[in-house]
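Hi everyone, thanks for coming.

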Amino acid sequence: MSIILETIIVNTIFLLFPLAIYLVYIAYIRNMDLEEKTIFFDLAIFSSIYFIIRYGVDFDYIIPLVLLNIPLLICYLKKNNLSAVILSFICVIYCHNMLGISHIILLLEYFVYFIVYNFIIHRHLTPPYIISYFVLIKAFVISLEVNIFIKPTVNPVHNAIYVFAILLIFTMISYLILYFLQKGEEIMDLNATINELEKEKRVRASLFKITHEIKNPIAVCKGYLDMMDYNDGETVRRYTKIVKDEIGRTLILMDDFLSCTKVKIEKEEVDLYLLLEEIGDALQPLFRKNKIATCIEVPDEELYVMLDYNRMKQVIVNVLKNAIEAKKNEGKNKIWIEIEEEKEKVVIFIRDNGIGMDSNTLKKVDEMFYTTKEKGTGLGVSLSKEIVELHGGAMKYYSTLGKGTTVAISLPLA
């Protein structure tokens, strides 16, 4: 039993270590705002294969039958077809040499993986469903391999138990690695979204500073205009030149500021339900920390909307952060996310039972620089509203003091 446990632990480490290095690379690339190169993902995957084949603890065929298939599964989950095909041939050659299984059976197995993947990818299934399909295929194939090639003389009941154990190991390690990758990428995506939001807040907060810079040349212009004697041509010419120069300086300042603060969006087809589910999962640690219960009503289907994935994620994260900050100190705090489809639009409702807002605050909630927070800039809501409107949608707030707030984000359907 200890040998089996050692086999599982050591080879799982060999699988995870290159992927952990890859996540570190991704974190660095995103923080530096550089272009991600897929070759580093390929390097991590092939390193996992090499470590298992070269250094892995081999016990009773667990390695060739189970662990070599997990990097292949990761390639399919990452939609890296070329690496998946190369890995398939590596698995076929290795399993044939180590176990004597027929090339034809092995090639058929990995061809079925490829066909099933291309079938389910068009149905936009989530990774757990993809893993389930692979486990079902593996269950059928491994049963044949064990009973025909590996242990043909062993009692069928013992073989069934053996197959079940192998499938259990394959499933558990697959979900473990999937969870590791998903959580790592979710943390990085959430951190990037929050950093982007804070960055835009800081940029827009610089308006306070630039107004001072603009005020100075305007004051100079006014002073010279007040002093100007229109009957003295020389004075008029001299003062007019100074006024023009100051106005030109003001226009340059305004152009620089507008180029820094203009919001740009790049629309693509996005599954809105999947986006909300990912955001909810990523923010769960924050909800738990603040003792807030969540109810995210996301149906098990697809709803595609043309939107900028990162910008819309930025909007929803900002709304949820505001809802968390508006929690009551006493009683149970809760946040609901619901979706309603109408004829030409979809509406996302984000509700909380927090402290709410009075009528005066509600009227000014989307005004730039208006805030009730001690350290707030008053830019988050106005920025979020601007992003939604650039998508052709609308963002409205409904609130009652002491009873909570509802934010309705409507977006046009594709």
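How many aromatic pairs does the count come to? With ring centres within 6.5 Å as the rule, the answer is eight aromatic pairs. Do keep in mind that this is a predicted model.

Let me start with Tyr-22 and Tyr-25. Their ring centres are 6.4 Å apart and the planes sit at 35 degrees, so we call this pair tilted. Both residues belong to helix α1, residues 2-31, and because they are three residues apart there, about one helical turn separates them. As for accessibility, Tyr-22 is buried at 7%, and Tyr-25 is buried too, with a relative accessible area of 16%.

Another tilted pair is Tyr-50 with Phe-51, at 6.1 Å centre to centre and 55 degrees between the planes. Here Tyr-50 is partly exposed at 45% relative accessibility, and Phe-51 is partly exposed at 24%.

Now, on to some helix packing. Please look at α11, residues 272-289, and α12, residues 309-325: they pack at about 35 degrees, with axes 11 Å apart. The crossing of α11 past α12 is right-handed. Which residues meet there? On the α11 side they include Leu-275, Ile-279, Leu-283 and Phe-287, and on the α12 side you'll find, among them, Met-312, Ile-316, Leu-320 and Ile-324. Sorted by class, this contact has twelve nonpolar residues, two charged ones and no polar ones. Glu-278 of α11 and Lys-313 of α12 are also part of the contact.

How values were computed. Residues are numbered from 1 along each chain as its sequence is written. This is a predicted model: local features need pLDDT of at least 70, side-chain atom pairs count only at pLDDT 80 or more; totals for chains, interfaces and linings use all residues. Side-chain values use heavy atoms; hydrogens and water are left out. Axes are lines fitted to C-alpha atoms, for helices over the stretch in contact, and angles run from 0 to 180 degrees between N-to-C directions. Helices (H or I, at least four residues) and strands (E, at least two) are DSSP runs, numbered from the N terminus. A crossing is left-handed if the near helix is turned anticlockwise from the far one by less than a right angle, and right-handed if clockwise. Contact means heavy atoms within 4.5 Å. Ala, Val, Leu, Ile, Met, Phe, Trp, Tyr, Cys and Pro count as nonpolar, Asp, Glu, Lys and Arg as charged, and the others, Gly among them, as polar. Rings of Phe, Tyr and Trp (its six-membered ring) pair if their centres lie within 6.5 Å; planes under 30 degrees apart count as stacked, over 60 as edge-to-face and the rest as tilted. Buried means under 20% relative accessible area, exposed over 50%, partly exposed in between (1.4 Å probe, protein chains only).
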